[in-house]
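Student: I am new to this structure and would like a close look at one part of it. Could you walk me through the salt bridges, please?

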Amino acid sequence: KVDAERVLVLSDISLDSSGLPAKPSMMWQMMGREGDTLLVNGQVQPTYTAGKGGVERWHIVNSCAARYMNLSVRGGKATIIGKDSGQVANPYSPASFVIAPGNRIDLIVELGEGVVNLEYTTVPHPDMMGMSGTLYKNYPLASFVPSAAATVTAVPAIATSAGIDLRKQTPAVRRTFTLKMPGMGSGGMGGMMNGESMEGKFTINDQAFDMSVINTTVQVGTVEEWTIVNTSTMAHPFHLHVWPMQVLTIGPDAMTDVQYQDVVNVPAKNQTVVRVHFDQFPGTTVYHCHILDHEDLGMMGALEAK
């Protein structure tokens, strides 16, 4: 039981001179578009009323096309109890946390006696070369102002069930998925500056998405281990539809707890290792980069479970 339960959808947008969504430039498609205006539930810096000293549950969704979000809760205490479609094995309270495009985070928030802000700090990447627009530091996305007394002020007992630890099972198949995008040299970015299309130049295992091709076939009932390799100098969020992925490592960091996500970060020039239990749901779906322009330009594959 909590004093309030909220869904907070984070997004960004750029508008042209006529007030319509601006078309992305070639550079924004390449490096990931980040809109000029930050929104929470479609509003700029909304203010919500909250119970004084109350305990709330927040469901935060990063629906940005490409923006990674480093978030913090100023004036209160946030405890992470779940990510994406899964719960965490051991709830924890970091000073800040990063969610990639497509990630969701589930929080228990202990409000203070005063105003509580959900704040955002820019997560830069080196390829932007000064094109990131505004750089934010502790920018208040939304404010929660105490009004009446809260009905729930004590943190509820949190019982979590993170799921089966697939590290204890032997994978039926081990696969590698290599994410590639054009580079900045001639033939890559240089060629596209001269008007070449980027369509099909974003690939997984050297293949751009083709509606008529099944890229990966898996057997229902089996566990697979996937190593997702990022050859580029910017991070990519990798999303698998239908089945959650147990995260084993992200870059050099190994997970100590059981953690399932359906969007996992793959750091620049690094790799992420996951295991997937294809326990049910025969049929066809997709996996892709969750930087949406990268997906549209080819960084997606089709998967069939039989």
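Tutor: Happy to! Keep in mind that this is a predicted model.

Let us begin with E56 and R6, which form a salt bridge whose closest N and O atoms are 2.7 Å apart. E56 belongs to strand β4 (residues 55–62) and R6 to strand β1 (residues 4–13), so this pair ties together parts that are 50 residues apart in sequence. Are these two residues buried or exposed? E56 has a relative accessibility of 1%, so this residue counts as buried. R6 also counts as buried, at 13% relative accessibility.

Now turn to E225 and R174, whose side chains meet in a salt bridge at 3.5 Å, N to O. Here, too, distant parts of the chain are linked: E225 sits in strand β15 (residues 223–230) and R174 in strand β12 (residues 173–180), 51 residues apart.

Next come D165 and R167, with a salt bridge of 2.9 Å between N and O. D165 is buried at a relative accessible area of 16%, while R167 is partly exposed at 31%.

Finally, look for D12, E34 and R67, which are linked in a network of salt bridges.

Key:
Residues numbered from 1 in each chain as written. Predicted model: local features only at pLDDT ≥ 70, side-chain atom pairs only at ≥ 80, totals over all residues. Heavy atoms only, no water. Salt bridge = Lys/Arg side-chain N within 4 Å of Asp/Glu carboxyl O. Helix = DSSP H or I, 4+ residues; strand = E, 2+ residues; numbered from the N terminus. Buried < 20%, exposed > 50% of the residue type's maximum accessible area, 1.4 Å probe, protein only.
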